[in-house]
Amino acid sequence: MTPFAQEYADFRCEWGVDGLQALAPADVTIIVDVFTFTTCVDVALGAGAAILPYHWDDPTAAQYAARHHAELAGKRRKARYSLAPECYADAPAGLRCVLPSPNGAHTTLQASAHSSVVLAACLRNARAVSAAAQRLGKTVNVIPCGERWGTGGLRPALEDALGAGAVLAHMPGKRSIEADGFVALFERCRADLQRVLAQTSSGRELEGRGHVRDKEYAAALDVSTIVPRFDGIAYGAA
């Protein structure tokens with residue numbers, strides 16, 4: 001084990017795909033992408049839809065959607081479905097939607113090679129996912145996805161740290177010191193999540209683009225009991 005594996009703890013946390021690969025193997029891996037992939041997953045599953053993660057929004061995404069008899073999400077305001085959580089609120093039951101994302105979707109697909117159980121969490125379903133993870137395994141890796149700088153490098157994102165902390169706060173066993181840090185951050189901000197999310201770099205970026213409702217959906221702590229589980233193709237309700 002390397003110094004980065006956090007193997008001494010049952011509940012661990014590290015950033016992105018590199019963090020996923022650095023952590024010791026776990027029974028359960030939880031993906032957190034609050035703005036906006038895992039929030040979209042929660043809202044869509046709540047409407048009875050399924051989300052198929054895909055790495056990138058490129059020409060192969062349309063081929064992938066056709067192969068799996070699914071609709072392909074596109075750009076906001078140009079497509080019926082996108083990375084806007086609100087667009088899934090009235091999705092028809094039975095919808096299958098391919099949702100490309102370089103953060104949440106990409107990390108999901110990478111995680112499926114490391115763990116037999118992959119769940120998606122956000123602030124909306126943090127308590128429910130945490131409880132399910134503890135039923136499904138003894139060790140849990142929580143992966144906040146972060147965002148990307150223009151150069152392509154990982155940008156640790158406060159909203160994902162809060163989402164990870166919200167999940168870990170309900171795990172009373174042995175947490176790594178890193179996991180404890182995420183919990184402390186969440187506890188510090190939990191009373192005013194919508195204001196905090198609005199002031200994050202990601203929140204300001206989204207609002208500047210006119211996406212004002214994302215923070216409302218994202219900040220709704222524990223309003224959902226949905227536990228999204230990835231089956232290798234799609235997230236469905238566990």
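## Disulfides

A disulfide is a covalent bond between the sulfur atoms of two cysteines. Here the test is a pair of cysteine sulfur atoms within 2.5 Å. By this rule, the structure has zero disulfides. The model is predicted, so local features need pLDDT of at least 70 and side-chain atom pairs count only at pLDDT 80 or more, while totals for chains, interfaces and linings use all residues. Residues are numbered from 1 along each chain as its sequence is written, and side-chain values use heavy atoms, with hydrogens and water left out.

## The largest pocket

Rolling a probe the size of a water molecule over the atoms shows where empty space is left. The search uses a 1 Å grid over the protein atoms alone. A pocket is an open set of points with protein on both sides within 12 Å along at least five of seven lines. A cavity is a set of points where a 1.4 Å probe fits but cannot get out. Lining residues have an atom within 4 Å of a point. Points are joined across faces, edges and corners, and a volume is the space filled by probe spheres set on the points.

The largest pocket holds about 710 Å³ of space. Its lining has 26 residues, and T36, R76, L83, P102 and R209 lie nearest the centre. By type, the lining has nine nonpolar, seven polar and 10 charged residues. (Ala, Val, Leu, Ile, Met, Phe, Trp, Tyr, Cys and Pro count as nonpolar, Asp, Glu, Lys and Arg as charged, and the others, Gly among them, as polar.)

Which element supplies the largest share of this lining? It is α9, with three residues. β5 (96-100), β8 (147-148) and α9 (201-208) each give at least two. (Helices, H or I with at least four residues, and strands, E with at least two, are DSSP runs numbered from the N terminus.)

S202, G203 and L206 are buried in α9. Seen down the helix axis, the buried residues fall within an arc of 100 degrees, so they line one face. (The arc is that of the directions from the helix axis to the C-beta atoms.) The face turned away carries the exposed residues S201, R204 and G208. The buried residues of α9 pack against β8, β9 (154-155), α6 (158-168), α8 (193-199) and α10 (214-218). (Contact means heavy atoms within 4.5 Å.) Just after the helix, G210 takes a positive phi of about 90 degrees.

How many cavities of 30 Å³ or more are there? The count is one. The largest cavity has a volume of about 40 Å³. Its lining consists of F35, G203, L206, E207, H211, V212, D214 and K215. α9 gives the most to this lining, with three residues.

## Helix α3

Helix α3 covers residues 59-67, and A61, Y64 and A65 are buried in it. They cover an arc of only 100 degrees around the axis, which puts them on the same side of α3. The face turned away from that buried side carries exposed P59, Q63, A66 and R67. Among the elements covering the buried residues are β3 (50-54), β4 (71-72) and β5. H69 follows α3 and has a positive phi, near 50 degrees.

## Backbone details

The peptide bond from F35 to T36 is cis, with omega near 10 degrees. T36 sits in the loop between β2 (28-32) and α2 (37-46).

Q6 is a residue other than glycine with a positive phi, near 55 degrees. Q6 lies in the segment before β1 (11-13). Is Q6 buried or exposed? Q6 counts as buried, at 3% relative accessibility. D222 is not a glycine either, and its phi is positive, about 55 degrees. D222 belongs to the loop between α10 and β10 (228-230). D222 is partly exposed, with a relative accessible area of 26%.

Note on methods: Buried < 20%, exposed > 50% of the residue type's maximum accessible area, 1.4 Å probe, protein only.
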